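Have the structure open while you read.

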Amino acid sequence: MSAILECSDLSKSYGKNEAVRHLNMTLEDNTMYGLLGPNGAGKTTLLNMITGGIFPTSGVVEASGSRLELGGMPPETCYIREKNLYWRGARVMEILQFASAFHPHWDWPFAEGLLNTFKLDPRKKIRHLSRGMQSLAGNIIGLASRARLTIYDEPMLGLDVLVREKFYSILVEDYANYPRTIVLSTHFIDEIAKIVERVYIMDAGTILLHDDVDHIRDHAHVLTGSSEAVQQFTNDKQVIYSEPYGKGSLSVIYGTLGEKDRVQANQLGLTIEGLALQKFFSYLIEGGRRIE
Ligand SMILES: Nc1ncnc2c1ncn2[C@@H]1O[C@H](COP(=O)(O)OP(=O)(O)OP(=O)(O)O)[C@@H](O)[C@H]1O
């Protein structure tokens, strides 16, 4: 695999507010990423920088080996963002036609099939669509563009669970048939946990963790038991979060647990459980510790 986009030491300040701080990120080709972070973490600022919409205060974005200039979108990129106000006076078909001109791999039969599947009337003006239907119009462009790099910033706003599931299942199928790099920035973590391969988890402008979802699943554990036992067991382990739990303690650790660890945990009367990505994300953000 090779990198199609790299950010090095990327920062963006708005006055005294450092929205993104010394951030490094690499996007490989043919990979599905999740970009996760609480409100205000800096996700949109990061995405706007890597698509040339705003200029970093410092640091570099390189797309396919060339430095990205302000206003310069990385080659073959489709960026679907939460707010596309300039579309609002246009009809759905007009924005599809507009988008198709920019994307060499645009697939019209696919786009028309998606309009049908999601019951989106191509003659309607964007401003007359519900919030969810507006999201869908953007999502259809993201799919039909088949761009080498497709970035979705909060693609699910206003969509109900059935539509979200349908969209993700079409995305996964299309990604399998036409591999490309996809970045999903969203708060619906459990939904994307099933489909993304890697995640970048960010808070307060920095990346706390980037890892394969399967690796996170294997390495994230929550322990509960007496405070002394938890303390003893976690002494030589990477603890990302702790809190009192009943009369004892709860600790979340990140790392491999071997047979010896499990025997020790058993002897100490500890309970060990795995963690869903959503829960792991919450603990990681709450703990605020970066995992290298
Ligand atoms: N144009 C701007 N001017 C001033 N501050 C800004 C601007 N855009 C973003 N910020 C600030 O930068 C920080 C990061 O915001 P950003 O929108 O990138 O976060 P986010 O992770 O996308 O949040 P959300 O999930 O709520 O959309 C916030 O503190 C925000 O208030």
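A residue is called buried here if 20 or more other C-beta atoms lie within 10 Å of its own, exposed if 12 or fewer do, and partly exposed in between, with C-beta atoms placed from the backbone. Keep in mind that this is a predicted model, so local features need pLDDT of at least 70 and side-chain atom pairs count only at pLDDT 80 or more, while totals for chains, interfaces and linings use all residues. Numbering starts from 1 along each chain as its sequence is written.

Start with strand β7, residues 149–153. On one side sit L149, I151 and D153, on the other T150 and Y152, and all of them are buried, which leaves both faces of β7 covered. Five of the five residues of β7 are buried, so the strand is largely enclosed by the rest of the structure.

Helices (H or I, at least four residues) and strands (E, at least two) are DSSP runs, numbered from the N terminus. Two strands pair if DSSP finds at least two bridges between them.

| Pair | Sense | Bridges | Example of facing residues |
|---|---|---|---|
| β9 and β10 (206–212) | antiparallel | six | I201 and L209 |
| β4 (58–63) and β5 | antiparallel | two | A63 and S66 |

The β9 and β10 pair forms a hairpin with two residues between the strands, and A204 in the turn has a positive phi of about 45°.

Now for the open sheet. Its four strands run in the order β2-β1-β4-β5, with antiparallel pairing. β2 (17–28) and β5 (66–67) are at the edges with a single partner strand each, so one side of each has no neighbour in the sheet. Helix α1 (residues 43–50) packs on this sheet and touches β1 (3–14), β2 and β4, with its direction at about 125° to that of β1. Contact means that the C-beta atoms of two residues, placed from the backbone, lie within 7 Å. Axes are lines fitted to C-alpha atoms, for helices over the stretch in contact, and angles run from 0 to 180 degrees between N-to-C directions.

What surrounds the ligand? A residue counts as near it if its C-beta atom, placed from the backbone, lies within 6 Å. The residues around the ligand include Y14, N17, K43, T44 and T45. β2 and α1 are the elements that give two or more residues to this shell, and α1 has the largest share, with three residues.

Finally, the domains. The assignment gives domain 1 (3–204) and domain 2 (215–287); such bounds come from an automatic or database domain assignment. Their centres, taken over C-alpha atoms, are 35 Å apart. Seven residues from domain 1 and six residues from domain 2 make the contact. On the domain 1 side, α6 (189–193) and β9 (198–203) each supply at least two residues, and α6 gives the most, with three residues.
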